[in-house]
Every structure is written in C-alpha cells, then in structure tokens.
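Here are a few quick notes to read alongside the structure.

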Amino acid sequence: AKSLDRWLRPPPAPQTQLSIRVAHPEYDHGIRPNAVGTESYGSQRAEYFSNSLGLRDEKIRNVPVRSNVPRFLFMGDSMTEAGPVSWNQTFVGRLQDLWHGRAEVLNGAVADFGPVLILPKLKDLLGEKGLQVDQVVIVLNPSVLRTSFTYAPSEGGKIEHHRYGPYHGQVSFFARTDKLESWLEVNVEKKFVLLGALVRNVRLSYRRIHPLTRSMDRFKFWVEQGFSADPEEQRLILEGTRRTLESLDRIHEFLASKKVALGVVFLPWPKTLASLNPSLLPARLDAWSKERGVSYLNLLPLFLREGSPEEVAARYYLKNDNHLTEAGHERVATWLADPRNGLFAERTQISTK
C-alpha cells in the first residue's frame, strides 16, 4: 500500500544545497573554500565555516600566507575536524581562544583523512599556496589502520580510494554482494514483514559463513581494537602500521625541507582504552618519533588517569561512538596546551604572558 501511494503521489524532490565538501584531484576529498553550511552527526549539529584555504574556521575569512605570531596547523580526520561540534568547543578552537593574540591555530583536518592523504594536502598548502607555518601537528587515532588500506597512491601518483581496504583484490565480489544486499534491503526487507525477516536472517547468516564477507565485517573490529589473535588480521595490523609510519616519514622529510617542525598526537578510541591487549600503533609511534626527534604525545595514559575505561568513555566520548563530546574536546585542549607534555617544538613554545 505504501509503495502504491508513493507511486500515485511521489514526494517532492529534495532541495539541494551547495555542499561544503568537494572532491579533490590530489587528495581525494576536501572542503570548499569560503563556504558556510551545517554539519550533523547523530544528535550533534553545528554551523560550519571554511576560510580562503578550504580549512575549517571560526568564520569565513581570508588567511594571509604569513603570520606575525607562531602559527600551528593541525591535521587529522573527523575527530580533529569535529564538524558537528561548534568551533569554539572543539579542541582546536579552544586552543585558538587560549592563545588569542599569542599564536594562530589552523584546522586542516578533514573527515576520513590519514597520513597518506595528509601529505598531498600539506604539499598543496605549504608548497603550491605558499602557506607559512611554524609547526604541523598530526593527530592520529586507530582509524589510520583503515585509511592506510582504503587510500593508496596509484602508479601515476594520484590517490585512489579502495572502498574494501585490504580486500581490494576481491572488489568485484564485494560490489556484487553489496548491490544484491542493498536491493534486498530496499525492495524486500523494508516492504514485507515476514518475508523480509526471513531474507534478512539468511543474508546475515551468509555474511557470517562466507570467509570473504566475514573477514570484511571483522575489518572494523580489529581496527578499533588495534589487536587481533588471528594471524592474518595481525599481519594486516602490522602492514597498516608500516604504511602509516612510511607516510609519516614522507611527511617528516617534506616538512624538514620547509624547515617546519612536526608534532604527532595519538588520540585513543573507547575500545582502545578498554582493550586488555595493548594496541601496537602507539608504541610504534613513540619509537618512530624518538628516532627522528619528533615531538610525540600519547593521550592514552592521560585518559586512563581520569578513571575506569567505562567512566572515561561515558564522560569524554559520544555514546556508542568514537568521537569526542565537548567535555572530551576541552580535556584534549588542556593536555595539548600544557608545556610539560612537550608537544610543541622549543622554537614554537607559546609565551605564558
């Protein structure tokens, strides 16, 4: 009956608005310069502005190439961009308010960005556009294990999006499976109660039984944990970590050529806090940073000092999610700004006056 009603009285076409997010030829996707829009995620919703460089900002504004005060450029993914959180409540926005008049903070983070995408964006900002900064701070979290597989340079040097990550070699199988499952969900499961329930159970059982779909479904699980007892998944964790550090090496070399300091931050997820098996990535980042003289701050032990993993997750993370609450952003900003944590290079220390 609903299908017949929609056919007889089709709903009006949705109003389209100019998206603040655009495709980019060098780093897959980015932000439209000088744009305003609204970002929403679950129950969170915030107004979103971008500046002349296509970076999230407090308002639409022109960003000069040079700055009279120390300038810091933060790079990362959606945890750092924090689109659905008001600018002044994000940890980048809080740092800007905290250092008002003494430093300038730019937020170059974009959702679904890892080091492999950060490098070409830095080359565009610091190379092509000539932006001058004193230090780049890259905020990483467990998602880099995923983005190290889902984005990869092609033979021509362009970044390609591999939707199925480490299982990209079976892309034809997964594409057919997704197409069939999508058709069943829309045309059977949402229209027929008993038949839809039966089809859904068969579909989910198939995903659990088939080795390829089972592996694909576990991809998210071992990324969140940063650990797996399965030998093949452990091999992929090691490979993802290697790719991440390799991309960081290229970033470090590029910034050194521009005489720009580098800082790296590891921002954990709730399941990282609660895992009984330590994630490999934070320790490897620590060793990598020490070998290259890069400032490194692991926020995992700082979060664990705040209480049990369950208490910390409830206080600082959205429910059933890996993104920070406003309280979480405030706490991260406090830790980043504390000079005792040694995140910022000596020549870029902020005056306390």
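Is Arg242 buried, exposed or partly exposed? With a relative accessibility of 40%, Arg242 counts as partly exposed. Keep in mind as you read on that this is a predicted model.

1. Let's stay with Arg242 for a moment. Its salt-bridge partner is Glu246, and the closest N and O atoms of the two are 3.1 Å apart. Both residues sit in helix 9 (residues 231-257), 4 residues apart, or about one turn of the helix. Glu246 is partly exposed too, at 33% relative accessibility.

2. Next, have a look at Arg146 and Asp112, whose side chains meet in a salt bridge with an N to O distance of 2.7 Å. This pair ties together distant parts of the chain, 34 residues apart: Arg146 belongs to helix 5 (residues 144-150), while Asp112 is in the loop between strand 7 (104-107) and helix 4 (115-128). Arg146 comes out as partly exposed at 28%, and Asp112 is partly exposed as well, with a relative accessible area of 23%.

3. The pair Arg340 and Asp338 is worth a look for its contrast. They form a salt bridge, with 2.8 Å between the closest N and O atoms. Arg340 is exposed, its relative accessible area being 75%, whereas Asp338 has 19% relative accessibility and so counts as buried, the cut-off being under 20%.

4. Some salt bridges share partners, and through them Glu181, Glu189, Arg200, Arg203, Arg207 and Asp217 are joined into one network.

5. And how many salt bridges does the count come to? The total is 27 salt bridges.

Definitions and conventions:
Residues numbered from 1 in each chain as written. Predicted model: local features only at pLDDT ≥ 70, side-chain atom pairs only at ≥ 80, totals over all residues. Heavy atoms only, no water. Salt bridge = Lys/Arg side-chain N within 4 Å of Asp/Glu carboxyl O. Helix = DSSP H or I, 4+ residues; strand = E, 2+ residues; numbered from the N terminus. Buried < 20%, exposed > 50% of the residue type's maximum accessible area, 1.4 Å probe, protein only.
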